[in-house]
Each structure stands twice: as C-alpha cells, then as structure tokens.
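Some notes on this entry follow, as numbered points. Please read them alongside the sequence and the structure.

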Amino acid sequence: MGDLKYLCGFGSEFTSEDPRRPGSLPEGQNNPQRCPYGLYAEQVSGTAFTAPRHENKRSWLYRIRPSVIHKPFQKLDGAKYLTHNWDEQEPDPNQSRWLPFDIPPPSQSVDFVSGLHTVCGAGDPRSRHGLAIHVYLCNASMDKSAFYSSDGDLLIVPQQGTLKITTEFGLMEVAPNEIAVIQLGMRFSVNVEGPTRGYILEVFDGHFKLPDLGPIGANGLANPRDFLTPVARYFDEEIPGFKIVNKYQGSLFVAEQNHSPFDVVAWHGNYVPYKYDLSKFMVINSVLYDHCDPSIFTVLTCPSTRPGVAIADFVIFPPRWTVTEHTFRPPYYHRNCMSEFMGLILGAYEAKEGGFLPGGASLHSMMTPHGPDDKCFEGASKAELVPQKIAVNTQAFMFESSLSLAITKWGAETCQKLDAKYYECWQNLPKLFSENVNV
Ligand SMILES: O=C(O)Cc1cc(O)ccc1O
Ligand SMILES: [Fe+2]
C-alpha cells in the first residue's frame, strides 16, 4: 500500500476525491441529476435522519455502481465461533485469564472473517443494545470478498501483524499499537502478511466518541487531530463472484456481485472509518499521591443513555512516569460494578508481570474482586518511591463495560486457553495485620 495519505480529525466533516478523477465530488449539492463521470450517489447513514445535529452522522459516496447491485444474501457458514449466543455456558463469576489465543498454523489458510472468534458479550443487536468481544486469529488475506457488520461498530486492536484495510472510503494500514474503528455498515477487506492476531470490541448501541475532558480542559488524552481517516481511492474492477459478507443479527450472510465494492471515486461526510496511534495518547496522571481511576486513560467511549455510564470504554495503560509519594502505586484492589476485559498488545502489565501475556486476555466480571498479584503487592509495598517510567515498551488495554458479560463456549472451553490456576496468584497474599500502627 506504500505511503498512504490520511485526513486528520475526529468527527469532522471531510471531503475526499480520488486525484485520478478531479471534479468527481459534486459541488454545492448531494444529488445532481447526473453526477460527474457518470457516478452514482449513495448516502450511508450512521444515525437516524433526525438525530440531533451534533450527533448526526452520514456520508455521501459517489461510486461506479450503487451497492444495491448484488445477488440475494444467503446464510454463510463462515466463522464457526462467531456468536451472540450468551447462553451456551452456565454463568461464571470467576476471574478469568486466557493464555495467548492460537493463530492457525500455515497449513490452514484462515482469513480475517473466518478467523473471528467471540470470547464474551451481552445484549442483542436486534434491540441495539449490547456488545461482543471477539478475537481474530488469521494468516491469509481476504480474497475477492468484503465484510461489514449490520450489528455494531468495530473497534479493532491489532496485537500481531499489520492489517492492510481496504475500505469504501480508501485504504488504511493499521499496525500493532494502533487501532481502527470501522463503523456500522462500512464495507472493508483485510490483507495480512503471516500470523495475525488481535481483539475486536463490537458495540451495538451507538458510535464511539472522545470522552469529555471536564477540568482537564480543552486538550489531552486522545487529541482529535491524531485520528486519521483514509482518502478516496477507487478500484474499477469487474470481479465475477465477489463476495459481500454481512454480519447480521449475529449470523453471517454472503451476497455475490460481479464488481469490486471499493469503487467510490469521491465522498464527503462525517461518517467515516478511522485509525489512531496509541503512542500519541497524551497521558494525564496523579503527580503527588494516590492512584487515579483508569478512566483517565480512556481513548474512546461508547456512551449509554445514563450520564457517565459507558456501554464500553476503550482504555489503555501506556508508558508513563509514576511519581507519587507515600502511595501504593499499582492498581488498587477493587470490586467494580463494571465488567473489565483486558488484553495485552505488547510487553507486561504492571499488576501481573507473569501469566498475562501478549495475545492473551483477562475478564474480571461485575463485582468480582481483583487487583495486583502477590509479587506485585510485595514489590510495590517496599519500593523506593523515586520517579519511575513504567510500562515502557508495553501496551495493555481494557474494554470496560456497564454490561454483565457472558463467556462463550469457545472462550470457556473450545479455545483451551483458559488458565484454571489464575486464582492462585492472589492466594499467597499474606496477612500483614499487626498490633503496631506503623508496619
Ligand atoms: O484491574 C485492572 O488491572 C484495571 C485497573 C487499573 C487501574 O489502574 C485501576 C483500576 C482498574 O480496574
Ligand atoms: Fe480492574
């Protein structure tokens, strides 16, 4: 894909025209009687037509053929372990930790879509409420096929292998330590090189936003200009049997057509795919004492209708200085009324240096106690509190949700990665209680 160009900004109104077709974006109106170059106009709506203006999202695509030229959708037995059946297993409130999920061996060719495996989730896209957490485990590029979800927005977190993503809006390259968001209905195709693994948060309720900053002020955390959207790039290709794969109400469907869906010559609007480099995050933290709640590390949030309560937050634990005085610096022990699914992109996580590995995951369910393991507790209780740069060359993240998540059969059994001994990491925490106030 070479050096790709992007438009920068979050939630902006963009315009983009493939430079090979100057003047392809109609001027002054959306629906000319005849579009330039004989293109078709197509609107993609990301919110109800009547959504308030500050929330309203839509884009206009000027394309060689309208998307409606396709054969009927048929059920596809593609990704065997993609599911929204949250009742496959008995509920399990235990702390769960998965060793790195296996990427298929080279002898088995698996692309991004057939490599989708659902780990946990809640809710239902039919009532537009809930989420699914998937991992993708693949080693082959999608061939003559494109994918879109009619269920939710996809926040994609590559852990191993760069994703070369062709979208209707243009091309994006997304490497580990970057994320991509591909919103409801947007079609895309993923090329990979070699073994590839990552996590996906799919939210059924609405779109991701930047969190409010409150007293932080006008700048900080993920800054809007660091979000990158592709520029228009079209492929005028007749491709017999091109497959459009649709995730619809939790099942996969496929429709064939005889041309590339990536035939958008120009577009404008504010409903777009985007990517973000996590190393650009402007980290805010405590600079005197005590441990802040991890909400200070929120990159993106999908809000619920309850003020301050997210369907899901995407939170990172980036490299940062820790400088606090007379403070137990790692995460505190806690029980949370939110579910915490964590993954590790690279390095080691401060609260658990062993066992939680890149490409693995953990789930601490609603109100299930958790916190630093015994080694971390001991080390941090005795550490000399000098300024220290932590999480260097590390990136852990959390999908934190107000929903109570159920683990799928694949997550609980089939993947065979669940670590039954996880609870042991807390069992040797000593009783330190003493008659003396100063320990
Ligand atoms: O459980 C975790 O490791 C995530 C987490 C980190 C933190 O710094 C504070 C609270 C929290 O849930
Ligand atoms: Fe936690």
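1. In β19, W60 has H268 as its bridge partner. The strands here are DSSP runs (E, at least two residues), numbered from the N terminus. Strand β4 (residues 58-63) pairs with β19 in the antiparallel sense over five bridges; strands count as paired if DSSP finds at least two bridges between them.

2. The model is predicted: local features need pLDDT of at least 70 and side-chain atom pairs count only at pLDDT 80 or more, whereas totals for chains, interfaces and linings use all residues. Residues are numbered from 1 along each chain as its sequence is written, and chains are lettered from A and ligands numbered from 1 in the order in which they are written.

3. Strand β2 (residues 14-17) also pairs with β19, in the antiparallel sense and over four bridges. The bridge partner of E17 in β19 is A266. Strand β19 (residues 264-269) is mostly covered, with five of its six residues buried. A residue is buried if 20 or more other C-beta atoms lie within 10 Å of its own, exposed if 12 or fewer, and partly exposed in between, with C-beta atoms placed from the backbone.

4. An open sheet of six strands runs in the order β6-β25-β24-β27-β22-β21, with antiparallel pairing. Because β6 (96-98) and β21 stand at the edges with a single partner strand each, one side of each is left without a neighbour in the sheet. On average, neighbouring strands of this sheet are turned by 15° against each other, direction ignored; the axes are lines fitted to C-alpha atoms.

5. R97 stands opposite S362 in β25.

6. UniProt, in an unreviewed entry, lists H291 under "active site"; such annotations may be inferred rather than shown by experiment, and the positions are given in the numbering used here, with feature names shortened. H291 lies in the loop between β20 (274-277) and β21 (298-303). It counts as partly exposed because it has 15 C-beta neighbours inside 10 Å. Leaving aside neighbours within four places in sequence, H291 is in contact (C-beta atoms, placed from the backbone, within 7 Å) with S286, T327, R329, P331 and Y332.

7. Which residues surround ligand 1? They are P294, P331, H334, N336, E340, A351, H364, H370 and M398, where a residue is near a molecule if its C-beta atom, placed from the backbone, lies within 6 Å of it. By class, this shell has four nonpolar, four polar and one charged residues. Ala, Val, Leu, Ile, Met, Phe, Trp, Tyr, Cys and Pro count as nonpolar, Asp, Glu, Lys and Arg as charged, and the others, Gly among them, as polar.

Methods. Contact = placed C-beta atoms within 7 Å. Axes fitted to C-alpha atoms, helices over the stretch in contact; angles between N-to-C directions.
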